[in-house]
Amino acid sequence: MTQPTDPTIDSFRVGRARVTRIEEWRGTFLTPELLFAGFDPQAYERTRGEIGFQYLDPATHAIEARLQSWVIELDGVRVLIDTGAGNDKDRPGLPVFGALKTPFLERLATAGFGPSDIDIVICTHLHVDHVGWNTRLVDGEWVPTFPRAQYVFTAADAEYWDPRNAGNYPPHVGAAVNAGFFDDSVRPILDRGLARLVSGSALVGPGLRLEPAPGHTPGSQTITLESDAERAIFCGDIVHHPLQILNPDWNSIFCEDASRARTSRRAVLENAARLEARLIPAHFAGEHSVRVVRDGQGFRPRWDHA
Ligand SMILES: [Zn+2]
């Protein structure tokens with residue numbers, strides 16, 4: 001079902017599950033040359049023709065990006081995947097996502113979901129653009145946006161990104177752009193006892209399995225939804241842009257561990273191809289999801305799922 005009057009909301013089915021996409025923000029980001037570590041101009045020239053210009057600005061080649069969340073409804077349970085940048089946050093290291101005033105909660109309501117309707121919130125990983133709506137500002141205090149929900153984070157990311165643990169690690173690759181998010185969007189959830197911290201593979205809801213996919217962050221995970229033999233894989237930022245399906249060794253410059261990120265990306269693409277799953281990365285513009293097919297030792301996107 002699509003609601004053509006509102007391009008920020010659309011939905012599709014995965015077996016018996018209904019999945020509704022809610023868009024928070026849209027815009028252009030860095031060019032591929034600047035976003036991808038390992039960028040190869042010749043490979044870019046060879047592969048960009050397979051990527052529609054709904055994914056690359058035709059004038060500047062800047063990446064078209066979205067911040068978006070998904071609500072999964074299955075067996076009476078409502079699960080929200082990723083929570084964007086949020087409103088009113090102080091983001092000195094990433095001003096584009098600071099002090100936002102988006103109508104995200106209004107869009108969620110238009111799609112049929114009030115904050116108290118959400119049973120489970122899952123963050124694919126803890127980064128500034130995936131945790132924002134975990135909380136909202138009420139009378140000067142960051143309070144959980146979804147008061148009834150259990151919030152599912154990985155233990156690895158909750159440990160790694162807590163500024164109180166900074167002395168245990170070398171400087172984080174994403175330290176500057178991610179400054180502030182833990183204290184305003186994660187700690188308030190932990191302090192109220194609303195978080196479930198997972199390690200390894202875990203079942204977290206009807207038809208929903210988490211699997212570790214470390215590298216982009218130490219606790220990055222995929223969320224596989226399965227219903228009636230249909231599957232979707234929410235993969236966060238393991239794949240940022242369709243170019244990485246054709247060039248799976250290209251990391252984002254924000255990947256914390258380059259080697260593990262490449263290994264996890266290939267594993268996720270392999271799984272998506274083998275399971276014939278709909279792959280749902282966090283930031284795709286265009287159709288917002290893709291099928292993946294094997295192509296020799298590599299992969300190709302297939303766009304005909306709609
Ligand atoms: Zn992201």
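Along the chain, the donors of the zinc ion follow the spacing D-H-x106-D-x45-H. In this predicted model, the protein donors are Asp129 (OD), His130 (NE2), Asp237 (OD) and His283 (NE2). They lie 2.1 to 2.2 Å from the zinc ion. The pair His130 and His283 links distant parts of the chain, 153 residues apart. His130 sits in the loop between strand S6 (120–122) and strand S7 (135–138). His283 belongs to the loop between strand S16 (278–281) and strand S17 (291–295).

The arrangement around the zinc ion is irregular, because the four donor atoms subtend angles of 85 to 155 degrees. A tetrahedral assignment would need all angles to lie between 85 and 135 degrees. Both histidines are shielded. His130 has a relative accessible area of 1% and is therefore buried. His283 also counts as buried, because its relative accessibility is 6%; the cut-off is under 20%.

Helix H7 spans residues 258–275. Its 18 residues reach 26 Å from the first C-alpha to the last, close to the 26 Å expected at 1.5 Å a residue. The buried residues of H7 are Ala261, Ser264, Arg265, Val268, Leu269, Ala272 and Ala273. These residues cover an arc of only 165 degrees around the axis, so they fall on the same side of H7. The face turned away from that buried side carries the exposed residues Thr263 and Arg274.

Both ends of H7 show local detail. At the start, a side-chain oxygen of Asp257 comes to within 3.3 Å of the backbone nitrogen of Ser259. After the helix comes Glu276, with a positive phi near 50 degrees.

Terms used
Residues are numbered from 1 along each chain as its sequence is written. This is a predicted model: local features need pLDDT of at least 70, side-chain atom pairs count only at pLDDT 80 or more; totals for chains, interfaces and linings use all residues. Side-chain values use heavy atoms; hydrogens and water are left out. Donors are N, O and S atoms within 2.8 Å of the metal (3.2 Å for Na, K and Ca); water is not among the atoms, so sites may look incomplete. Four donors count as tetrahedral if all angles lie between 85 and 135 degrees; four count as square planar and six as octahedral if opposite donors are over 155 degrees apart and all others between 65 and 115; anything else is irregular. Helices (H or I, at least four residues) and strands (E, at least two) are DSSP runs, numbered from the N terminus. Buried means under 20% relative accessible area, exposed over 50%, partly exposed in between (1.4 Å probe, protein chains only). The expected span of a helix is 1.5 Å times one less than its number of residues. The arc is that of the directions from the helix axis to the C-beta atoms. A polar contact is a pair of N or O atoms within 3.5 Å; within protein, one must be able to donate a hydrogen and the other to accept it, and residues adjacent in sequence count only if both atoms are side-chain atoms.
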